[in-house]
Amino acid sequence: MQRKELAERLNQAGISLFGVAPMPAEEFLLQCRAKSKIPEGAKSVIVCLFPYYSPELEQGNISQYAMVEDYHKVVGSYLSRACELLSQVGGKFVPFVDNSPIP
């Protein structure tokens, strides 16, 4: 897939900041349960950047991170949509949010 087509698909999913890196060799992957989710023969990793937005919130006795929606859910929904759009072109795409065996 060409970078332009990749950018178009990611933009459709609401992702504008990303990069592509080669898939690390097996010996460099972290040992975790999520390792089994990596498609066999994976060649590249798409890394997406999600700016952290913290709106002006009332000060109280609750940490600010607890006052906004869990970013795992927010980012997960963006990545799931991106994987869906990318797989329409061909190939297998798997989203990871903080639980990736890829360092």
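Is Tyr78 buried, partly exposed or exposed, and what is its relative accessible area? Tyr78 is partly exposed, with a relative accessible area of 33%. Here buried stands for under 20% relative accessible area, exposed for over 50%, and partly exposed for what lies in between, with a 1.4 Å probe and protein chains only.

A word on the ground rules before we go on. This is a predicted model, in which local features need pLDDT of at least 70 and side-chain atom pairs count only at pLDDT 80 or more, while totals for chains, interfaces and linings use all residues. Residues are numbered from 1 along each chain as its sequence is written, and side-chain values use heavy atoms, with hydrogens and water left out.

## Overall layout

The protein chain has two helices and two strands, and from the N terminus on these elements run α-β-β-α. Both kinds of element are DSSP runs numbered from the N terminus: helices are H or I with at least four residues, strands are E with at least two. Of the 103 residues in the protein chain, 23% are buried. The chain exposes about 7,700 Å², with carbon and sulfur atoms supplying 52% of it; accessible areas come from the Shrake-Rupley method with a 1.4 Å probe, and for residues only the protein chains shown count as cover.

## Helix H2 and the cores

Helix H2 has 17 residues and reaches 24 Å from its first C-alpha to its last, close to the 24 Å expected at 1.5 Å a residue. That expected span is 1.5 Å times one less than the number of residues. The buried residues of H2 are Val75, Gly76, Leu79, Ala82, Cys83, Leu85 and Leu86, and they pack against H1 and S2.

Several of these names return in the largest nonpolar core, which has 12 residues in all: Leu6, Ala7, Leu10, Ala13, Ile15, Phe18, Val75, Leu79, Ala82, Leu85, Leu86 and Val97. A nonpolar core is a set of buried Ala, Val, Leu, Ile, Met, Phe, Trp, Tyr and Cys residues joined through side-chain atoms within 4.5 Å. H1 and H2 each supply at least two residues of this core, and H2 gives the most, with five residues. Apart from it lies another core, of six residues, among them Leu29, Ile38, Val45 and Phe96.

Ile15 belongs to the core of 12 residues. Leaving out residues up to four places away in sequence, Ile15 touches Leu10, Cys48, Phe50, Tyr78, Leu79 and Ala82.

## The aromatic pair

Rings of Phe, Tyr and Trp (its six-membered ring) pair if their centres lie within 6.5 Å; planes under 30 degrees apart count as stacked, over 60 as edge-to-face and the rest as tilted. By this rule there is one aromatic pair. The ring centres of Phe50 and Tyr78 are 5.7 Å apart and the planes stand at 55°, so the pair is tilted. It links distant parts of the chain, 28 residues apart: Phe50 is in the loop between strand S2 (44–48) and helix H2 (71–87), and Tyr78 is in helix H2. Phe50 is partly exposed, with a relative accessible area of 25%.

## Salt bridges

Side chains of opposite charge can pair when their charged atoms come close. With a salt bridge taken as a side-chain nitrogen of Lys or Arg within 4 Å of a carboxyl oxygen of Asp or Glu, the structure holds three.

| Salt bridge | N to O distance |
|---|---|
| Glu5 and Arg9 | 4.0 Å |
| Glu26 and Lys35 | 2.7 Å |
| Arg81 and Glu84 | 2.6 Å |

Glu5 and Arg9 are four residues apart in helix H1 (residues 3–12), about one helical turn. Glu5 is partly exposed at 28% relative accessibility, whereas Arg9 counts as buried at 19%. Arg81 and Glu84 both lie in helix H2, three residues apart and again about one turn of the helix. Arg81 is partly exposed at 36%, and Glu84 is partly exposed at 44%.

Lys35 is found in the loop between strand S1 (18–22) and S2. Setting aside its neighbours within four places in sequence, Lys35 is in contact with Glu26, Leu29, Leu30 and Pro101.

Key
Contact means heavy atoms within 4.5 Å.
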